[in-house]
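Please walk me through this structure. Take the contact between the chains first, then the cores, then the parts of each chain.

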Amino acid sequence: MAIVETRAVTKVFKAGTLGAVNDVDLVTEDGEFLVFLGPSGSGKTTLLRMIAGLEVPTSGDVLIGGEVVNDLSPRERRIAMVFQSYALYPHLTVYKNIAFPLRAQRVPKDQHRKKVEWAAGLLGIGALLDRKPRELSGGERQRVAVARAIVREPSVFLLDEPLSNLDAKLRASARAELEQFHRRVGTTTIYVTHDQVEAMAMGDRIVVLNQGVVRQIGTPKQVYDDPADTFVATFLGSPPMNLIDTGEVIVGFRPEHLVPAALAPSAALKFNLKIHNVEYLGSEWIVYGVPEGDRAGDKIVISRVPSIDLKIGTNHEFAVAEPHLRLFDKATEKRAPARPVSWP
Amino acid sequence: MAVTRRARSSGFGLGIAMILPAVLYVLLLVGVPFGMAFFYAFSDARIGSGGDHFVGFDNFASILDSPSFRTALKNSFIFTIASQLLVLVGSTALALALKDKFRGRGLVRFLIMLPWVAPISLGAIAWKWILDSIYSVINWVLIAVHLVKPFDKPMWLGTPKLAMISVIVVHTWRLLPFSTVIILAGLTALPRDIPEAAAVDGAGFWRTLFEITLPMLRPILNVAMLFGIVFTFTDMIVVYVMTAGGPYDSTQVLPSLAFFTGIQGSDLAAGAAISIFLVPLLVIVAYFMLRVAHRAEVT
């Protein structure tokens, strides 16, 4: 078990260009499940690879368990990593794949079988030990990769988009398994993903990254309810937060908080919406409309309501209650303190 | 229906026309000489005499009796196995060194390709001078650093053991680029995250090399090695230029012996028998070559 820390870590691949990772400071808690979330190219994988020791930071320090590990090789960092492609050794059986870290770390041979069987049992792949990776399904490969990572009980567990190669259904069950698994072993885990659902569901805390910069670190609830800037506001949530430029500030509100005016008695923001399109998603409706009177140009705002009876092309009054408004500074796009909003 | 049939038959004709040059080329330049060698091996043909009586296995019986042949057979195996081992180790090391980027990699890769690009005889002649009994630069250097005495310098091509070592080294030098390029291609094709996974799992350089990289490269290594075996078993240029099989047949290999017996010694029948003596063995090697190449393709 260990705490991972980065201090002003920067990675510049080509001198003179923008870094892939810029000045990242973060500290995990012991046993925490920390998620790096960001779009592709946001530097999340590069940051993870620097923690793993597969990439050398251009500047800054990486600390594991309070010790600067910049000059240590991956093997000396006592970390385990699951790669996006799983990187199983194709010529070795599942048993030998899982046993490889034990052999490499010179764990006494008589303990191998016990440990491999423990790891395989934990992931439910005990029956596959004699197979080769190519004889396994995607989900089985992913479990072998996880088993190989945990078999030597690492102090830190790094996962690089381990679910992105699975189909949607399998991904949901694998996600639940990984969560359960983390609760059981309690190892500090850093998990990279571009999938906000994974991040929200699994993370104790989420680090939102964009262009190599940390935009926000917080619990799933914090980053969703109180985004630090407009990037976080629009990156998380599907459909994303509505942002409306009122002239002095940018006003943000989640689609689920934009409701027919009758349902929001203490509305702080109220306007007529010309309905453009309505989508029925089973449990909810997504309503797309343009605020009437050219108040926001052609800007489409989105509402998400449990049930509704609206016709495309008609006008309806929608409103947002005061506690659900989030204000952002127009210049910096960062969160601005709450204040009464006037939208002429 | 008629249209498709005509299209198919004209496509078939086109296919034949396309493959014909290659087939003719192989038949005329490889098949005919090979057939003639077979024919001569069972006859009493000599240069100048048209004698072509069938003599059964007489030629084989007589070459098997000849000490020269037995020496050449043994030498062929020593020459092939030793040079292939050196090539395999050397080219793997070179390919590993040339895989990663460094300043001047392009130049080094070019230099390593040179022995393959240059005409073999030219390279062998250069080596002949380097190993010359009087003008050898190697001896000059060894004398200059007082490792050998001026009046007792090694006769690289003049003593049986050193001559064998010399031809093996030169042949290795010549085959190294080919093998290196094949292995380099194989290395580049390995997924990058597998050695990274090994590093994270705690494997050092040697463990990663012997337990991960080389086993994954095995199909490629097999291809390189089998090609090398065929190239070496059937090649006589290095031996011919550097030692002409000497001293006392100590570097004579089967192809050079076949040439000296059949062409220079004008005993066509015996030469042909020597040259096709290894055909069964090479057919087996070729069979494995095809199988391995096929497997490398599939996985």
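The contact between the chains takes 18 residues from chain A and 15 residues from chain B. Two residues are in contact if their C-beta atoms, placed from the backbone, lie within 7 Å. On the side of chain B that touches chain A, helix 8 (193-200) and helix 9 (205-233) of chain B are the elements that give two or more residues. Helix 8 of chain B supplies the largest share, 6 residues. By class, this side of chain B has 9 nonpolar, 4 charged and 2 polar residues. Here Ala, Val, Leu, Ile, Met, Phe, Trp, Tyr, Cys and Pro count as nonpolar, Asp, Glu, Lys and Arg as charged, and the others, Gly among them, as polar.

This is a predicted model: local features need pLDDT of at least 70, side-chain atom pairs count only at pLDDT 80 or more, and totals for chains, interfaces and linings use all residues. Residues are numbered from 1 along each chain as its sequence is written, while chains are lettered from A and ligands numbered from 1 in the order in which they are written.

Now the cores. A nonpolar core is a set of buried Ala, Val, Leu, Ile, Met, Phe, Trp, Tyr and Cys residues joined through C-beta atoms within 7 Å. A residue is buried if 20 or more other C-beta atoms lie within 10 Å of its own, exposed if 12 or fewer, and partly exposed in between; C-beta atoms are placed from the backbone. The largest nonpolar core has 110 residues, and Ala147(A) and Leu158(A) have the most contacts inside it. Helix 9 of chain B gives the most to this core, with 9 residues. The core also draws at least three residues from each of domain 1 (4-225) and domain 2 (239-336) of chain A. Leaving aside neighbours within four places in sequence, Ala147(A) is in contact with Ile98(A), Ala119(A), Ala120(A), Leu123(A) and Ile125(A). Apart from this core lies another, of 33 residues, among them Ala41(B), Ala45(B), Phe260(B) and Ala272(B).

Helix 2 (residues 94-104) of chain A comes next. Helices (H or I, at least four residues) and strands (E, at least two) are DSSP runs, numbered from the N terminus. In helix 2 of chain A, 8 of the 11 residues are buried, so the helix is largely enclosed by the rest of the structure. Those buried residues include Ile98(A), Phe100(A) and Leu102(A). Their cover includes helix 3 (112-122) and helix 4 (138-150) of chain A, together with helix 9 of chain B. Arg106(A) follows helix 2 of chain A and has a positive phi, near 55 degrees.

How is chain A divided? Its parts are domain 1 (4-225) and domain 2 (239-336), with bounds from an automatic or database domain assignment. The centres of the two domains, taken over C-alpha atoms, are 38 Å apart. Chain A has 8 helices and 20 strands. Buried residues make up 41% of its 344 residues.

In chain A, 4 strands form an open antiparallel sheet in the order 2-1-4-5. Two strands pair if DSSP finds at least two bridges between them. Strand 2 (21-27) and strand 5 (67-68) of chain A stand at the edges, each with a single partner strand, so one side of each is left without a neighbour in the sheet. Strand 5 of chain A pairs with strand 4 (residues 59-64) of chain A over 2 bridges, in the antiparallel sense. Leu63(A) has Val68(A) as its bridge partner in strand 5 of chain A. Helix 1 (residues 44-52) of chain A packs on this sheet and touches strand 1 (4-11), strand 2 and strand 4 of chain A. The direction of helix 1 makes about 120 degrees with that of strand 1 of chain A. Axes are lines fitted to C-alpha atoms, for helices over the stretch in contact, and angles run from 0 to 180 degrees between N-to-C directions.

Further along chain A, strand 11 (residues 242-245) and strand 12 (residues 249-253) pair in the antiparallel sense over 4 bridges. Ile244(A) has Val251(A) as its bridge partner in strand 12 of chain A. This hairpin has 3 residues between the strands, and Gly247(A) takes a positive phi near 110 degrees. Strand 12 of chain A is also joined by 4 bridges to strand 19 (residues 326-329) of chain A, running antiparallel.
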